[in-house]
Amino acid sequence: MLLYVVSTVFVCYLSFNLRRGQLTPIVWNTIFWIIILFTAVNAIAKSFSQERYGRLIYYYNLCSPQAIIVSKIIYNSLIMLLLSGIGFGFYAFVMGNPVQDVGLYLICILLAAIGFASVLTLVAGIASKAENNATLMAVLSFPIILPMLLMTIRLAKNAMDGLDWSVSVDEITTLLSIDLIVITLSYLLFPFLWRS
Amino acid sequence: MKKYWWKILCILILFYVIIVGFMGPVPHQPILNESIRNTYFHVALWMSMTIMLFTSMVFSFKYLRSGSLDHDDKASEFAKGGLFFGILGCLTGSVWANYTWGDPWPNDPKLNGAAVGMLMYLAYMLLRSSFEDEQRKARISSVYNILAFAVFIPLIYILPRLTDSLHPGNGGNPAFSSYDMNNEMRKVFYPAIIGWTLLGVWLIELRVRVKKINRFLREEVANTNPAKVHQ
């Protein structure tokens, strides 16, 4: 997956190579988040489908569904943090770094990583129950993840412009509350998925 | 009479809404003028869509608690009804926007949110169609339905409030808020919401009944065929 991020960033870099001067901050930001979104979908889609049937039954006997979903969310969040952190480093390295407030940008990455991971883990669980799950994963997750992505892009834009932190409090609280809603819902709903 | 009084009520209310909605007095606002009458149709349709999607989520919860397929039928039909009303709401909205804003689909956060919301419920339909086994289909799509509604509400009602929207009531545009919408309008607006919701429930009730009959017929066929083979 790490290779996936790095090569996508490199493809973007080469595609924009000729007109690097024309790359406005908005475009820079948007491309970064789209790369992260696709990385997240690809990385997390595997989290249920790659497990073998026997191992799922083993887990089923071993522990409660709540424990499974919480541990999957934590694991996926860590993976997303790692991927987006390295992705951001490499992206800033090759594409130039117009971010003025790196601290806020990192908070933004943290919130987005947790949010993406929690939404996509539940959706991956749903999609793995259906047969054609690669397409289904994208169709199911994009509309649901969109509000989160929009808030993240807005927050990231604030960080890039180096605005005062008080301006972004709204966005941070909204992102946090969406994260909380999604995590609670996955905690409550996953037992029903797990049974089948 | 006891069973279908609400259908008569629905027809009466809708006639009242259409007649008084077009003929009744309305306050004159800058920009909006007479097009304020669209409140009775566009806004009321959206309200009843939200009510229907909420009901759909409640039935999904009920299904997960009880496991009876009846609840799941209702949940899916309510979601379909909501989707249908959402499309009607988009159409009435864009006819109105064409004359008020001069563009049938301006780049407005509420419109984009609505489009994404519709996509979410279309994805729900797709998810439903990708399973064979009914119980499994019902359980997994119920989970998705609840998740979708939980994201739908912030998308439609919270996110647009954080930015300026072209919609009346946002960003300094004249609104239908407490003092802009006078009592004359309210006399039509609230019945309009009830009327459209009743119409939706009627539609959905018919579809649920068709579904039940189909299931019954299928079971009947499944029960009789083996018997014939044995004879």
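**Figure 1. Order of the elements in chain B.** From the N terminus on, the elements of chain B run α-α-α-α-α-α. The view is of a predicted model. Chain B contains six helices and zero strands. Of its 231 residues, 37% count as buried. Among contacts in chain B between residues at least 6 apart in sequence, 75% join residues at least 24 apart.

Figure 2. Helix H1(B) covers residues 5-23. Its 19 residues should span 27 Å at 1.5 Å a residue, and the end C-alpha atoms are 27 Å apart, which agrees. Cys10(B), Ile13(B), Val17(B) and Gly21(B) are buried in H1(B). Seen down the helix axis, the buried residues of H1(B) fall within an arc of 70°, so they line one face of the helix. The face of H1(B) turned away from this buried side carries exposed residues: Trp5(B), Ile8(B), Leu12(B), Phe15(B), Ile19(B), Phe22(B) and Met23(B).

Figure 3. Helix H2(B) is formed by residues 42-66. Gly67(B) follows H2(B) and has a positive phi, near 80°. Helix H3(B), residues 69-100, has 32 residues. From its first C-alpha to its last, H3(B) reaches 46 Å, close to the 46 Å expected at 1.5 Å a residue. Just after H3(B), Gly102(B) takes a positive phi of about 80°.

**Figure 4. The contact between chain A and chain B.** On the chain A side, 22 residues are in contact with 23 residues of chain B. Three helices of chain A, H5 (102-129), H6 (133-161) and H7 (169-195), each supply at least two residues of the side that touches chain B. H6(A) gives the most to this side, with eight residues. By class, the side of chain A that touches chain B has 17 nonpolar, two polar and three charged residues. For the complex, the predictor gives an ipTM of 0.80 and a pTM of 0.81.

**Figure 5. The largest nonpolar core and the surroundings of Leu140(A).** The largest nonpolar core has 104 residues. Val123(A), Leu140(A) and Ala148(B) have the most contacts inside this core. H5(A) gives the most to the core, with 17 residues. Leaving aside neighbours within four places in sequence, Leu140(A) is in contact with Val123(A), Ile126(A) and Ala127(A) in its own chain and with Ala123(B), Leu127(B) and Tyr144(B) in chain B.

**Figure 6. Met148(A) in helix H6 of chain A.** Met148(A) is found in helix H6 of chain A. Is Met148(A) buried or exposed? Met148(A) counts as buried because it has 24 C-beta neighbours inside 10 Å, where 20 or more are required. Not counting residues up to four places away in sequence, Met148(A) touches Gly115(A), Val119(A), Leu175(A) and Ile178(A). Val70(A) is 78 residues from Met148(A) in sequence, and the two are 20 Å apart in space, C-alpha to C-alpha.

**Figure 7. Lys212(B) in helix H6 of chain B.** Lys212(B) has its place in helix H6(B), which covers residues 183-230. Along the chain, Lys212(B) and Gln135(B) are 77 residues apart, and their C-alpha atoms are separated by 15 Å.

**Figure 8. Confidence along the two chains.** Chain A has a mean pLDDT of 82, and 95% of its residues reach 70 or more. Within chain A, confidence is lowest in helix H1 (residues 2-15), at a mean of 78, and highest in helix H4 (residues 65-95), at 87. Chain B averages a pLDDT of 80, with 84% of the residues scoring at least 70. Among the elements of chain B, H6(B) has the lowest mean pLDDT (82) and H2(B) the highest (89). Over residues 171-179 of chain B the pLDDT is below 50. Beyond near neighbours in sequence, the stretch 171-179 of chain B has 19 contacts in the model.

Key. Residues are numbered from 1 along each chain as its sequence is written. Chains are lettered from A and ligands numbered from 1 in the order in which they are written. This is a predicted model: local features need pLDDT of at least 70, side-chain atom pairs count only at pLDDT 80 or more; totals for chains, interfaces and linings use all residues. pLDDT is the predictor's confidence in each residue, from 0 to 100. Helices (H or I, at least four residues) and strands (E, at least two) are DSSP runs, numbered from the N terminus. Two residues are in contact if their C-beta atoms, placed from the backbone, lie within 7 Å. Ala, Val, Leu, Ile, Met, Phe, Trp, Tyr, Cys and Pro count as nonpolar, Asp, Glu, Lys and Arg as charged, and the others, Gly among them, as polar. A residue is buried if 20 or more other C-beta atoms lie within 10 Å of its own, exposed if 12 or fewer, and partly exposed in between; C-beta atoms are placed from the backbone. The expected span of a helix is 1.5 Å times one less than its number of residues. The arc is that of the directions from the helix axis to the C-beta atoms. A nonpolar core is a set of buried Ala, Val, Leu, Ile, Met, Phe, Trp, Tyr and Cys residues joined through C-beta atoms within 7 Å.
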